[in-house]
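Thanks for coming. I will go through the packing and the surface of one model.

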Amino acid sequence: MSKRFTLIRREEIRAVMTLNHSIIARRNFRVEKKKDIKTESETSEKPGLEQTDKETAAGQTEQEEPILALDHVSVRFNLSKEIVDDFKEYCIKLIKGQLKYNEFWALTNVSISLRKGERLGILGLNGAGKSTLLKVIAGVYKQTSGTVTVKGKIAPLLELGAGFDPQYTGKENVFLYGAVLGYRRNFLESKYDEIVEFSELGEFMDVPLKNYSSGMRARLGFAIATVVEPEILILDEVLSVGDTKFRKKSEKKIMSMFDKGVTVLFVSHSTDQVRRLCNKAIILEKGSVIASGDVNEVADIYDKMTE
């Protein structure tokens with residue numbers, strides 16, 4: 001019985017990974033197609049000195065363009081005034097226009113522009129809209145108004161282990177969670193030993209995740225999520241996972257990504273961490289940006305707010 005159950009579980013993992021592979025393949029095909037079209041147009045001409053100068057200027061302009069841009073982004077949630085448990089009753093009230101909501105604006109006219117290699121610290125008290133902002137950038141939420149422009153691969157470290165199944169072993173969850181994040185199976189297989197070594201869970205990889213502590217799950221999730229090399233890295237207080245030793249190890253891993261020119265959005269309540277990891281910062285309050293600029297100046301403002 002247990003063997004059959006394991007086989008069914010493995011088939012479920014393969015199904016999830018196949019779905020993700022098809023989505024990634026279509027996206028990569030579109031990207032490669034655009035590159036091919038651009039290459040054909042470039043090779044169809046034999047540029048002279050003037051044309052070369054124009055291309056050089058265009059290349060410099062392209063480098064200066066932001067890799068991430070938010071223009072007056074707002075997010076509204078409708079909070080129901082009453083609880084309707086019955087679906088039929090809900091449909092009747094919807095048709096009659098009897099459903100009443102309170103509007104809640106989680107973000108209001110937020111504008112951000114980041115170029116390659118810039119690292120933005122996002123500060124704010126609980127409920128300020130920090131996580132909502134990151135989820136809009138990651139594509140989890142759709143903005144109510146405004147535009148979000150992203151150029152590059154995003155690795156969102158928002159809720160580590162959100163795709164884990166407690167009945168699976170640690171090893172099986174590596175492939176399941178990796179599939180949820182959009183990684184190919186052959187990529188995960190090539191990085192499996194690295195994931196196990198970084199998480200320091202070698203002797204527990206064949207143990208069901210339900211027997212893991214919360215710190216062990218977070219360590220495994222962090223090791224899987226950071227094995228990729230993204231162009232944009234989103235961190236939502238993930239450097240606070242595990243014990244002191246693992247936190248230092250996690251921060252060192254993130255710093256190694258910084259050396260490769262990755263663009264970072266980092267949420268934390270620790271101004272010390274933000275100063276150490278970022279070169280720019282903003283403060284959110286009730287969904288609006290109330291301060292932005294140099295990380296030290298903004299961190300000083302936040303320290304005074306929280307005294």
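Buried, for this talk, means under 20% relative accessible area, exposed means over 50%, and partly exposed is in between, with a 1.4 Å probe and protein chains only. Helices are DSSP runs of H or I, at least four residues, numbered from the N terminus. This is a predicted model: local features need pLDDT of at least 70, side-chain atom pairs count only at pLDDT 80 or more, and totals for chains, interfaces and linings use all residues. Residues are numbered from 1 along each chain as its sequence is written, and side-chain values use heavy atoms, without hydrogens and water.

I start with helix H4, residues 130–138. Seven of its nine residues are buried, so the helix is largely enclosed by the rest of the structure. Those buried in H4 include Lys130 and Lys135. After H4 comes Gly139, with a positive phi near 90°.

Now the cores. A nonpolar core is a set of buried Ala, Val, Leu, Ile, Met, Phe, Trp, Tyr and Cys residues joined through side-chain atoms within 4.5 Å. The largest has 43 residues, and Met205, Leu220, Ile224 and Leu233 touch the most other members. Helix H7, residues 214–225, supplies the largest share of this core, six residues. A separate core of 23 residues includes Leu68, Leu70, Val73 and Ala128.

What about Leu220: which residues is it in contact with, leaving aside neighbours within four places in sequence? Counting heavy atoms within 4.5 Å as contact, the partners of Leu220 include Phe164, Val174, Ile195, Met205 and Tyr212.

Last, Tyr90. This residue sits in helix H3, and at 31% relative accessibility Tyr90 counts as partly exposed.

Notes: Helix = DSSP H or I, 4+ residues; strand = E, 2+ residues; numbered from the N terminus.
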